[in-house]
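Subject: Structure handover

Hello,

Here is the structure I promised you. Please open it next to this message, and my notes follow below.

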Amino acid sequence: MTQWLKRYVRTVIVIIILIGSSIAMAQFKQAYELDRDSNYENAFKFAQLVFFLTVAYVVFTFLFNKWKEYRSLKNAHSKAQLELLKSKMDPHFFFNTLNNLYGLAIEKSDDTALIILKLSEVMRYTIYNGEKEFVTLREEIDYLKQYIEIHRIRHKHNLDIEFKEELPSTEIRIAPMILINLLENAFKHGIEALTKGAYIKIDIKAHGRKVLLSIENNRLPGISKESGRGLTYLKERLSLVYPKKHNLKIERTENTFSVRLELDTL
């Protein structure tokens, strides 16, 4: 009984006020019609004001609760979409890296043990840091370097990769694995597709709370200009994690592909 009262006390009070003010309006109106006493008229207006204020409160409360339900459902939907995008990105990355390991195992390369070690470090980051909401930019850059190192081992260090970074602060935090898609894309359509002369240029800068990443790679002429699945996932994830706080520019020429991503981490 006590719990029921606590749960519906506001509803009970509102009903009592509405019924009481309605009865008061009817009585004061009738009394005023009989006596034409201004006191009855004022009392009627006061009861009328209480009635309409209570109705306004009921309408406002109803709309406010609906808005809260909408926001709650929207947040839950965004979170579910974000988790879905993460689950789509991870298999894509592991599929590529396991293929690298398979190639080394077939060749019986001495680098097989080293690449397994590097892969385990990458997997550790993906599993433990991938679940976090944010990681430091330093951690994310180290993750990218681990990924590059795996490719260097596989290609026997014959890769033209330029990696520049400028981080005045180590406190900047970004969403985990938000940059890996761009690097994967550069490897997939550049170094993996070209037999010689392939290069990747990576430049990461941070100014205040803003992060700027640019990646450029050469590629085979005539390759499809449609965005890959990885870039599609990245765009969807950016819109969820950094709504109106990111700028992604993609430029294609016949032989090059470049991406510029700006993030406002505030």
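Which residue stands opposite Lys 210 in β5? It is His 207. Bear in mind throughout that this is a predicted model.

**Overall layout**

The protein chain has 266 residues, and 34% of them count as buried. Its secondary structure comes to six helices and seven strands. From the N terminus on, the order of elements is α-α-α-β-α-β-β-α-β-β-α-β-β. Take the contacts between residues at least 6 apart in sequence: 71% of these join residues at least 24 apart.

**The sheet**

Five strands form an open sheet, in the order β2-β4-β5-β7-β6. The pairing is mixed. β2 (160-166) and β6 (246-252) stand at the edges. Each has a single partner strand, so one side of each is left without a neighbour in the sheet. From one strand to the next, the twist averages 5°.

Back to the strand pair I opened with. β4 (residues 199-207) and β5 (residues 210-218) run antiparallel and are joined by eight bridges. Lys 201 has Glu 216 in β5 as its bridge partner. The hairpin of β4 and β5 has two residues between the strands. There, Gly 208 takes a positive phi near 65°.

β5 also pairs with β7. Those two strands run antiparallel as well, with nine bridges between them. Asn 218 has Thr 256 in β7 as its bridge partner.

**Helices across the sheet**

Two helices to look at here. Helix α4 (residues 137-154) lies across β2, β4 and β5, and runs at about 170° to β2. Helix α6 (residues 229-241) lies across β6 and β7 (256-264), and runs at about 160° to β6.

**The core**

Which residues touch the most other members of the largest nonpolar core? They are Phe 187 and Ile 202, out of 48 residues in that core. At least two core residues come from each of α2, α3 (112-129), α4, α5 (180-191), β4, β5, α6 and β7. The largest share is from α4, with eight residues.

Ile 202 is worth a click. Leave out residues up to four places away in sequence, and Ile 202 touches Ile 148, Ile 161, Glu 162, Phe 163, Lys 164, Leu 183, Leu 213, Ser 214 and Ile 215.

**Aromatic rings**

The count comes to five aromatic pairs. One of them is Phe 51 with Phe 52, an edge-to-face pair at 5.5 Å centre to centre and 80° between the planes. Phe 51 is partly exposed, with a relative accessible area of 21%.

Why does the pair of Phe 60 and Phe 64 count as stacked? The ring planes are at 15°, and planes under 30 degrees apart count as stacked. The ring centres are 6.1 Å apart, and the limit for a pair is within 6.5 Å. Phe 60 and Phe 64 are four residues apart in helix α2 (residues 38-107), so about one helical turn separates them.

Phe 64 is partly exposed, at 37%. Trp 67 belongs here too: ring pairs link Phe 60, Phe 64 and Trp 67 into a cluster.

**Lysines over rings**

Two cases to check. Lys 29 lies over the face of Phe 44, at 5.3 Å from the ring centre. Lys 201 lies over the face of Tyr 199, at 5.4 Å from the ring centre. That is the Lys 201 whose bridge partner in β5 is Glu 216.

**A loop residue**

Where does Ser 169 lie? It is in the loop between β2 and β3 (173-174). Ser 169 is partly exposed, with a relative accessible area of 24%. Ser 169 and Arg 138 are 31 residues apart in sequence. In space they are 9.2 Å apart, C-alpha to C-alpha.

Best wishes

Terms used
Residues numbered from 1 in each chain as written. Predicted model: local features only at pLDDT ≥ 70, side-chain atom pairs only at ≥ 80, totals over all residues. Heavy atoms only, no water. Phe/Tyr/Trp six-rings, centres within 6.5 Å; stacked < 30°, edge-to-face > 60°. Buried < 20%, exposed > 50% of the residue type's maximum accessible area, 1.4 Å probe, protein only. Lys NZ or Arg CZ within 6 Å of the ring centre and 35° of its normal. Pairing = 2+ DSSP bridges. Axes fitted to C-alpha atoms, helices over the stretch in contact; angles between N-to-C directions. Contact = heavy atoms within 4.5 Å. Core = buried A, V, L, I, M, F, W, Y, C linked by side-chain atoms within 4.5 Å.
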